[in-house]
Amino acid sequence: MTDPFYSISRNHDFDLSSELHPERTLARLQAQTRRHFLRSMTGGLGAMFLGTLASPSPSASAEELATGDSVRLDLRRDPKTPLTVLPPQFAPHAKRVIYLHMAGAPSQLELFEYKPQLAKFDGQDCPASFLAGKRFAFLTGIPKLLGSQYPFHQTGQSGQWISDRLPNLEKHVDDLCLIKSMRTDQFNHAPAQLLVQTGNPRLGYPSLGSWVVYGLGTENQNLPGFIVLISGGNTPDGGKQLWGTGFLPSVYQGVQCRSHGEPVLYLNPPPGVSSTQRRNMLDSMDEINQQRYAEFGNPETLTRIAQYEMSFRMQMDATDAMDIRKEPESVRASYGSKLGESSFANNCLVARRLAERGVRFIQLYHWGWDSHGASAKESLDIGFIERCREVDQPIAALLADLKNRGMLEDTLIVWGGEFGRTSMRENRGGQVMKFVGRDHNPGAFTIWLAGGGVKPGMALGQTDDLGYEIVKDPVEVRDLHATILNLLGFDYRKLNYPFQGLDQKLTGVKPARVLAEVLA
Amino acid sequence: MTWSVRNPSAHDGFAAASFLIFLVLLALLLFAPPDGIEHAPLLQFVGRFHPLSVHFPIAVLLLVPLFEILGRKRDSPFLLASVDLLLCVAICGAIVAAVLGWCLARGGGYSGPLVQQHMWGGVLVAVAAWLCWLQRLRAGSLGPARLYAIMLVGTVTLVSFTGYRGGQLSHGANHLTQFMPQQLRRLLEVSGSRHGAMNSADESLATFYGARIQPLFEGHCVTCHGPAKHKANLRLDTYAAVMRGSKHGPVIKAGDPKGSELFHRITLPPDDDDFMPAANRRPLSSSDVKLIEAWISSGASHTLAVDATAVVTAGQTIVAEVNFQEIDANAVAKERAAFAPILSQVQSRLPNVVGYQSRTSADLVLSASWLGAKFGDNEIVVLAPLSERIVAADFSGTAITDRSAPVLAAMKKLRQLRLAHTAISDATILELGSLDRLESLSVFDTGVSASSLSLFARLSKLQHVYAGQTRIAANTVIPPQLNGKLVF
């Protein structure tokens with residue numbers, strides 16, 4: 001929208017607040033359209049009524065603010081500091097989250113699900129009941145069962161079964177809480193990733209990280225509260241919506257940072273522009289944005305102001321936080337990190353540095369787990385081995401680092417993909433494929449949690465002998481979300497946001513279950 | 001216009017017929033009253049149409065006074081003419097609704113005072129409408145009709161009363177005030193809150209039963225098994241009634257959840273016919289079920305204290321979900337008020353460093369690590385006035401030194417202390433003997449040496465000491481109290 005008024009007034013340096021200035025009055029009248037009138041009139045009446053019902057009056061006692069009768073926590077903040085820390089609803093177990101999303105869906109049957117029966121029936125036709133009424137991405141006809149490609153053994157005090165693909169992570173198995181009975185209702189990557197990350201398979205819903213930062217704020221005001229790091233050579237299929245903010249104010253969206261070079265592009269002033277000059281420019285823009293806000297009252301304007309300010313403050317802190325050269329050589333070696341790479345190892349190390357610096361939600365994506373067997377990279381016999389090698393050592397090092405600093409007590413780690421993989425070998429086009437792979441199985445997959453008030457060294461849920469369907473303690477994605485919010489100190493029902501006539505929640509409209517079994 | 005107005009013999013016939021029906025209805029109510037036992041499914045099937053049919057006669061009856069008043073205006077006498085028909089329709093409708101209501105109550109095993117009042121109210125409405133009709137015929141539609149007016153007002157009142165009782169039956173006794181906004185509630189001085197149930201007053205909140213179990217029954221069961229309806233002759237609104245059981249015998253077998261009918265019913269698969277709460281009612285959550293299981297297996301006692309550890313360990317996981325709702329908000333608010341001004345001063349001086357642990361607590365948590373070197377001995381002094389309130393403090397990576405030791409030592413409620421990557425040494429640690437509630441301490445990457453071990457050993461609550469990258473050598477002899485607690 002062009003607005004001649006501002007350029008005029010800035011050039012002539014008039015007092016902007018003066019209502020008497022005819023040009024200003026004119027501009028105001030032009031900006032005020034019939035739609036504005038109709039909207040503020042009708043909306044305003046409704047809002048006055050709703051205001052009396054929903055929001056606690058300023059004099060409301062502490063109990064109403066806390067849990068009491070209100071359907072929603074009061075998360076109002078000064079619009080200029082939208083990331084201020086707010087206390088959770090009740091005493092939290094976890095203060096921050098590091099979410100390791102294995103994009104593409106790693107095979108649970110090659111990692112955590114020990115199924116000797118499946119190995120026994122390897123190569124035989126799969127039971128007809130596996131196929132009835134099911135939709136698959138690529139399986140056709142009657143596929144053959146496929147035993148695990150790697151040997152399993154029991155390990156740790158807890159005696160969990162694990163394959164030989166994760167020799168480093170294995171040492172921490174007594175810190176892990178495996179959930180072997182996750183299920184989803186999406187069998188394609190993008191919607192399934194959206195479901196896992198935003199609680200909804202469709203676009204336009206706030207991600208888990210956005211909800212968490214919206215609810216809790218973030219300590220370090222010089223860094224984003226929700227940082228996203230990507231490795232594996234590709235953005236996950238769900239795209240940037242996976243860390244989008246949906247209907248929440250956009251200041252809560254995830255900020256994607258690069259793990260080498262400048263973490264955020266164009267953060268530092270270009271050559272020839274001094275920091276003072278940039279400060280002056282920001283001040284002027286701030287002033288213009290403030291006028292805009294005074295005029296239209298759009299909260300997104302405040303978001304814009306806050307983000308400009310944060311990017312200015314980030315110049316120092318972000319560069320420092322992301323700079324893994326500051327870590328001793330021995331630490332970098334423990335992660336298997338190599339300088340100048342965009343790797344999962346580097347991202348894990350950065351994640352620890354961010355966690356130490358008070359970042360609330362750190363989201364890592366590692367792409368390349370879609371082991372269909374369609375190519376060497378996407379196969380269980382080649383690509384999968386590489387993926388395991390890429391993540392095994394860094395995750396183990398991250399757990400070790402957090403543990404010896406005491407941070408695992410209040411840092412929740414989540415590891416998992418967006419669905420599982422079938423017990424049958426993929427037979428794209430009805431052919432025996434060159435590489436070994438499995439198709440998507442939304443019916444069962446494994447994730448694990450660690451730290452942050454989760455019971456260590458346990459496994460929840462069970463699948464059938466062929467690892468295809470859940471037979472005990474099914475866990476929906478919304479149950480996982482409710483549990484994560486619970487660990488952070490929220491009743492998932494009260495962390496909601498009114499939008500389109502519904503009190504929108506991360507867990508959606510269906511009732512969710514906090515997994516009491518996994519709480520320490 | 002209508003048959004009833006023009007034809008006197010039809011009048012008599014209608015009057016007599018309705019009178020006869022009233023007698024039959026009366027006999028039904030007296031000799032086959034709803035007795036809390038479920039009868040023929042056919043009765044229930046027919047009875048389920050009661051809610052469907054009941055609103056029509058109500059609406060018609062409410063039209064009668066409206067037409068009477070409007071009809072007296074000069075230009076709308078036709079309204080007056082239709083009152084006669086309206087009344088007849090209302091009588092028929094009321095009779096049908098009453099009969100169906102009886103089917104529902106008798107067939108569905110309803111009983112209790114609310115059911116009685118609603119039932120007799122419904123019959124009386126039909127009778128009152130009939131009497132109004134007779135009186136109107138006698139007095140003529142335009143004559144002096146004071147008696148008729150009084151009767152009409154009485155009928156409408158009766159309709160409202162009966163309808164209200166019906167609402168209570170299907171939506172709970174406080175259905176009108178349950179979701180009343182707080183403001184209006186205060187204005188009308190309506191007591192109770194959305195969650196407050198009617199009967200909890202007589203159950204002590206200090207007992208496990210009163211605080212944990214009774215609220216579950218009230219939230220999920222008493223609509224059908226309570227003072228209003230007692231289906232299967234089971235009431236779950238008092239402890240005595242719970243233990244008395246249903247028409248089939250006791251539903252709770254103390255110490256044996258699996259043998260208790262109540263527990264059996266709530267743990268059936270949700271699609272089982274016998275599953276409780278019955279179809280379409282909100283089922284109990286898994287932690288609720290565990291709570292009930294724990295209560296029964298501990299002996300289903302009425303007097304067991306609310307914090308009895310035996311029960312809590314049996315139900316383990318209930319703690320996480322139940323805990324936070326039991327907090328006394330007023331006490332917290334009062335406690336907070338004592339230091340709120342200091343807190344807001346500190347918060348404006350050092351934003352995002354110190355805050356309440358939760359919205360339901362007056363404890364404070366402190367996190368200075370994100371400030372790094374910008375936080376040091378001069379800044380920690382700002383926090384000193386709040387030190388006794390702080391339960392968790394993170395100074396990792398800050399510039400604090402041994403000079404801050406007195407401030408740390410004053411944080412007597414600390415359960416978690418993080419001093420990783422700081423310049424503190426044994427001098428600080430040896431001053432922390434006052435932190436007898438400390439459970440977790442991190443001195444990772446500090447100058448702390450083996451001489452601090454004796455102090456760690458003195459802190460009886462201490463569970464974890466993170467002592468990697470310190471001067472404590474891995475082969476140091478550690479005191480037996482610290483076995484398995486040191487993390488390197």
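Guide: Helix α8 (residues 275-296) of chain A packs on helix α9 (residues 299-322) of chain A in this predicted model, at an angle of about 165 degrees and with the axes 9 Å apart. Angles over 145 degrees count as roughly antiparallel. So α8(A) and α9(A) are roughly antiparallel. Their crossing is left-handed. On the α8(A) side, the contact is made by L282(A), M285(A), D286(A), N289(A), R292(A) and Y293(A). From α9(A) come T301(A), L302(A), R304(A), I305(A), Y308(A) and F312(A). By class, the α8(A)–α9(A) contact has 7 nonpolar, 2 polar and 3 charged residues.

Now another pair in chain A. Helix α11 (residues 344-356) of chain A packs against α12(A) at about 15 degrees, with the axes 8 Å apart. That angle makes α11(A) roughly parallel to α12(A). The crossing of α11(A) past α12(A) is right-handed. From α11(A), the residues in the contact are F344(A), A345(A), C348(A), A351(A) and R352(A). They meet E390(A), V391(A), Q393(A), P394(A), I395(A), A397(A), L398(A), D401(A) and L402(A) of α12(A). These residues divide into 10 nonpolar, 1 polar and 3 charged.

Stay with helix α12 (residues 383-404) of chain A for a length check. It has 22 residues, so at 1.5 Å a residue it should span 32 Å. The C-alpha atoms at its ends are 32 Å apart, which agrees. Just after α12(A) comes G406(A), with a positive phi of about 85 degrees.

Chain B has a helix pair to set beside these. Helix α6 (residues 113-139) of chain B and helix α7 (residues 146-171) of chain B have axes that come within 8 Å and cross at roughly 160 degrees. The two helices, α6(B) and α7(B), are therefore roughly antiparallel to each other. Their crossing is left-handed. The residues of the α6(B)–α7(B) contact comprise 17 nonpolar, 10 polar and 2 charged.

Next, the backbone of chain B. Most peptide bonds are trans, and most residues other than glycine have a negative phi. The bond joining M276(B) and P277(B) is cis, with omega about -10 degrees. P277(B) sits in the loop between α11 (261-266) and α12 (286-297) of chain B. A300(B) is not a glycine, yet its phi is positive, near 50 degrees. That residue, A300(B), lies in the loop between α12 and α13 (309-315) of chain B.

Last, confidence. Chain B has a mean pLDDT of 83, and 89% of its residues reach 70 or more. Two stretches fall under 50. One is residues 1-5 of chain B, for which the model has 11 contacts beyond four places in sequence. The other is residues 309-325 of chain B, with 35 contacts in the model beyond near neighbours in sequence. Where pLDDT is low, predicted coordinates should not be read in detail. For the complex, the predictor gives an ipTM of 0.82 and a pTM of 0.66.

Definitions and conventions:
Residues are numbered from 1 along each chain as its sequence is written. Chains are lettered from A and ligands numbered from 1 in the order in which they are written. This is a predicted model: local features need pLDDT of at least 70, side-chain atom pairs count only at pLDDT 80 or more; totals for chains, interfaces and linings use all residues. Axes are lines fitted to C-alpha atoms, for helices over the stretch in contact, and angles run from 0 to 180 degrees between N-to-C directions. Helices (H or I, at least four residues) and strands (E, at least two) are DSSP runs, numbered from the N terminus. Angles under 35 degrees count as roughly parallel, over 145 as roughly antiparallel, 65 to 115 as roughly perpendicular and the rest as oblique. A crossing is left-handed if the near helix is turned anticlockwise from the far one by less than a right angle, and right-handed if clockwise. Ala, Val, Leu, Ile, Met, Phe, Trp, Tyr, Cys and Pro count as nonpolar, Asp, Glu, Lys and Arg as charged, and the others, Gly among them, as polar. The expected span of a helix is 1.5 Å times one less than its number of residues. pLDDT is the predictor's confidence in each residue, from 0 to 100. Two residues are in contact if their C-beta atoms, placed from the backbone, lie within 7 Å.
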